[in-house]
Amino acid sequence: RANHSAAHLVHAALRNVLGPHVAQKGQLVDGERMRFDFSHGGPLTPDELERIEAEVNQVVLQNIPAETQEMTPEDAIAAGAIALFGEKYGDTVRVLALGRALSGNGAYSVELCGGTHVRRTGDVGLFKIVSETGVAAGIRRIEALTGEAARRYLNDQATVAKTLAEQFRTPVAEVQA
């Protein structure tokens with residue numbers, strides 16, 4: 001649930017940071033991680049990755065209830081919901097709204113989705129991007145962790161930093177890549 005909801009938040013953040021040309025091209029979510037494939041012409045910069053991660057965490061911290069509605073696909077798209085191009089939809093679709101827009105009014109993310117999701121954005125917990133790579137021409141991939149898996153990842157990274165600091169006999173804050 002947390003990783004699936006995080007994938008929707010990542011999609012919105014990618015569009016906010018990189019532009020409206022970004023479209024989902026695939027995803028994998030399970031209990032430990034999420035993978036999100038999307039259209040974009042080149043690698044993301046460290047600043048763009050930081051902005052995406054920060055934006056997702058900002059929406060998570062809103063701790064706002066997820067909202068779902070059923071409506072026709074046409075009404076959903078007219079209301080601003082994002083649909084996946086090429087997908088076949090029935091007469092009625094489920095529209096998921098997550099979070100509050102960071103600027104302006106309305107929801108942060110509004111998409112057609114029939115999957116399982118968190119009850120509140122805060123249920124995602126911590127969100128951490130662990131990699132960004134190219135997978136095909138014009139297709140990028142973000143892999144990320146949520147909740148306890150993200151916390152464990154950050155603890156492991158802190159252990160590496162402490163070990164390096166001890167080896168170089170310097171404070172962790174002064175160890176640089």
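Helices are DSSP runs of H or I with at least four residues, numbered from the N terminus. Within helix α2 of this predicted model, D47 and R51 are four residues apart and therefore separated by about one helical turn. Their side chains meet in a salt bridge, and the structure holds eight salt bridges. The points below treat the sheet, the helices packed on it, the charged pairs, the backbone and the surface.

**The open sheet**

- Four strands make up an open sheet, arranged in the order β1-β2-β7-β6 with antiparallel pairing.
- The edges of this sheet are formed by β1 (24-29) and β6 (127-136), each of which pairs on one side only.
- On average, and with direction ignored, neighbouring strands in the sheet are turned by 15° against each other.
- Strand β2 (residues 34-39) and strand β7 (residues 139-146) run antiparallel and are joined by six bridges.
- F38 has R140 in β7 as its bridge partner.

**Helices on the sheet**

- Helix α4 packs on the sheet, where it touches β6 and β7; the direction of α4 makes about 95° with that of β7.
- Helix α1 (residues 2-18) lies across β1, β2, β6 and β7, and α1 runs at about 30° to β2.
- Y153 is located in helix α4.
- With residues up to four places away in sequence left out of the count, Y153 touches K128, V130 and L145.
- The C-alpha atoms of Y153 and K128 are 8.5 Å apart in space, while the two residues are 25 residues apart in sequence.
- Y153 has a relative accessible area of 24% and is therefore partly exposed.

**Salt bridges**

- As a general principle, side chains of opposite charge can pair when their charged atoms come close.
- In the pair formed by D47 and R51, the N to O distance is 3.6 Å.
- D47 is partly exposed because its relative accessible area is 47%, and R51 counts as partly exposed at 40% relative accessibility.
- A salt bridge also brings together the side chains of E53 and K128, with an N to O distance of 3.4 Å.
- Since E53 lies in helix α2 and K128 in strand β6, this pair ties together parts that are 75 residues apart in sequence.
- E53 has a relative accessibility of 13% and so counts as buried.
- R140, the bridge partner of F38, forms a salt bridge with E132; the closest N and O atoms of R140 and E132 are 2.6 Å apart.
- R140 is buried, because its relative accessible area is 12%; E132 is likewise buried, with a relative accessible area of 15%.
- A network of salt bridges links D30, R33 and E143.

**Backbone with positive phi**

- N63 is not a glycine, yet it has a positive phi of about 55°.
- N63 is placed in the loop between α2 (46-62) and β3 (67-71).
- The relative accessible area of N63 is 32%, so this residue is partly exposed.
- R169 also has a positive phi, of about 50°, although R169 is not a glycine.
- R169 is found in the segment after α4.
- R169 counts as exposed because its relative accessibility is 78%.

**Nonpolar surface**

- V160, L164 and F168 make a nonpolar surface patch of about 290 Å².
- F168 belongs to helix α4, which covers residues 147-168.
- The cut-off for an exposed residue is over 50% relative accessible area, and F168, at 59% relative accessibility, therefore counts as exposed.

Note on methods. Residues numbered from 1 in each chain as written. Predicted model: local features only at pLDDT ≥ 70, side-chain atom pairs only at ≥ 80, totals over all residues. Heavy atoms only, no water. Patch = residues over 30% accessible without salt bridge, like charges linked within 9 Å, V, L, I, M, F, W, Y side chains within 5 Å. Areas by Shrake-Rupley, 256 points an atom, 1.4 Å probe, with all protein chains shown as cover. Salt bridge = Lys/Arg side-chain N within 4 Å of Asp/Glu carboxyl O. Helix = DSSP H or I, 4+ residues; strand = E, 2+ residues; numbered from the N terminus. Buried < 20%, exposed > 50% of the residue type's maximum accessible area, 1.4 Å probe, protein only. Pairing = 2+ DSSP bridges. Axes fitted to C-alpha atoms, helices over the stretch in contact; angles between N-to-C directions. Contact = heavy atoms within 4.5 Å.
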